[in-house]
Amino acid sequence: MCTVGGPVDIDLPPERVQGKDYRCKECGEKFKGVGKKPICPSCQSDDVALA
Amino acid sequence: MIYPLDDEFLLIKGKQSFLLVALVKISFGLCIETADDEYVQGVEAGDLVVVSAPEGGAIEPALMLIDLVRTFHVPLLVLPRDHPGSKRISYVVSVGPEIFTSCSIRRGTHPEQHLICSSDELAGISMKRIEHGVDVFPLPGSIIPLNIKYKIKTDFS
C-alpha cells in the first residue's frame, strides 16, 4: 500500500526535477519548462526559446 | 493490451482501488506547482491523463479531475515531503506519454509525471500512449477494463 507516513518511500533528491528556462516568443512569458516539447503556460504557444 | 480511446475514459478497477485513463485533447502547457518553484510540462494531444485512487472511492471525482486538467488546464500541486495533507489525498493525477504505477511513492509529493501512486493490486502497470488509444501492460488477469462515457453539461435557465 502506498504509504503516507511510514518508511516505504522512494527517496529522491530535491533537484529531481530540473527545468530549463524558456521565454515565449509570442507573449514574452518566462517559465521553467520540463519535458521534450515546451509550451508556454500563458498563451499555449510552442514558439519558445531557451532564455 | 491495447485499448482504443477517443473521448471516453478507460477504467481499470481492482478490488479496492482503481485507475482512470483518458487522452489529452489538445496540446497545452501543464503547470506543476511545487513548494519552491513552478515547472511547465508541455503535453501533446494523445498524451495520457491518469487518475489513481489507491483506496478506491467514487468514480465521478476522478472523471472531474481528468477534465479539470485536460480541458481546463488546472495546475497540479505537489506537496512537500512529509506534508500532513498527504494522507488526505484520495485521488492523484499524472500526465504524460507513458506512466507507470508504483505503490512505493508518497502520494501527492512527487512531481515526476511518469510515476503515479497506486495500491498494491495495481502497482507495476505501464500505460503508454499509442495512436488513438493506450497500451496497458501487464494487466492482472482478473481485471477487465471498462469504457466510460462522461460529459459535463450545464443548463442555464
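In the predicted model, strand E3 (residues 18-23) of chain B pairs with strand E6 (residues 48-53) of chain B in the antiparallel sense, over 6 bridges. Within this pairing, Leu23(B) has Leu48(B) of E6(B) as its bridge partner. E6(B) also pairs with strand E8 (residues 92-96) of chain B, again in the antiparallel sense, over 5 bridges. Here the bridge partner of Val49(B) is Val95(B) in E8(B).

These pairings belong to an open sheet of 5 strands in chain B, with the order E8-E6-E3-E2-E13 and antiparallel pairing. The edges of the sheet are taken by E8 and strand E13 (146-148) of chain B; each has a single partner strand, so one side of each is left without a neighbour in the sheet. On average, and with direction ignored, neighbouring strands of this sheet are turned by 25° against each other. In general, strands of a sheet pair through backbone hydrogen bonds, in either a parallel or an antiparallel manner.

Strand E6(B) is mostly covered, as 6 of its 6 residues are buried. Leu48(B), Val50(B) and Ser52(B) point one way from the strand, while Val49(B), Val51(B) and Ala53(B) point the other way, and all are buried. This arrangement follows a general rule: in a regular strand, side chains alternate between the two faces of the sheet.

Ser52(B) counts as buried because it has 27 C-beta neighbours inside 10 Å, the cut-off for burial being 20 or more. When residues up to four places away in sequence are not counted, Ser52(B) touches Leu19(B), Val92(B), Thr101(B), Ile116(B), Cys117(B) and Ser118(B). Ser52(B) and Ser17(B) are 35 residues apart in sequence, and their C-alpha atoms are 7.9 Å apart in space.

Helix H1 (residues 60-70) of chain B has as its buried residues Ala62(B), Leu63(B), Ile66(B), Val69(B) and Arg70(B). These residues lie on the same side of H1(B) because they cover an arc of only 130° around the axis. As a general point, an α-helix has 3.6 residues a turn, so residues three or four places apart point the same way. The buried residues of H1(B) pack against strand E2 (9-13), E3, E6 and E8 of chain B. H1(B) lies across these strands, E2, E3, E6 and E8 of chain B, and runs at about 145° to E6(B).

A further set of pairings in chain B involves strand E12 (residues 133-137). Strand E1 (residues 2-4) of chain B pairs with E12(B) in the antiparallel sense over 3 bridges, and Ile2(B) stands opposite Asp135(B) in E12(B). Strand E11 (residues 126-130) of chain B likewise pairs with E12(B) in the antiparallel sense, over 5 bridges. In this pairing Ile130(B) stands opposite Gly133(B) of E12(B). E11(B) and E12(B) form a hairpin with 2 residues between the strands, in which His132(B) takes a positive phi near 55°.

Chain A has 0 helices and 3 strands, and its pattern along the sequence reads β-β-β. Of its 51 residues, 24% count as buried. Among contacts in chain A between residues at least 6 apart in sequence, 24% join residues that are at least 24 apart.

Within chain A, Ser45(A) is located in the loop between strand E2 (30-34) and strand E3 (48-50). Ser45(A) is partly exposed, because 15 other C-beta atoms lie within 10 Å, a count between the limits of 12 or fewer for exposed and 20 or more for buried residues. Apart from residues up to four places away in sequence, Ser45(A) touches Cys24(A), Glu26(A) and Cys40(A). Ser45(A) and Lys20(A) are separated by 25 residues in sequence and by 17 Å in space, C-alpha to C-alpha.

Note on methods: Residues numbered from 1 in each chain as written. Chains lettered and ligands numbered in written order. Predicted model: local features only at pLDDT ≥ 70, side-chain atom pairs only at ≥ 80, totals over all residues. Helix = DSSP H or I, 4+ residues; strand = E, 2+ residues; numbered from the N terminus. Contact = placed C-beta atoms within 7 Å. Pairing = 2+ DSSP bridges. Arc of directions from axis to C-beta. Axes fitted to C-alpha atoms, helices over the stretch in contact; angles between N-to-C directions.
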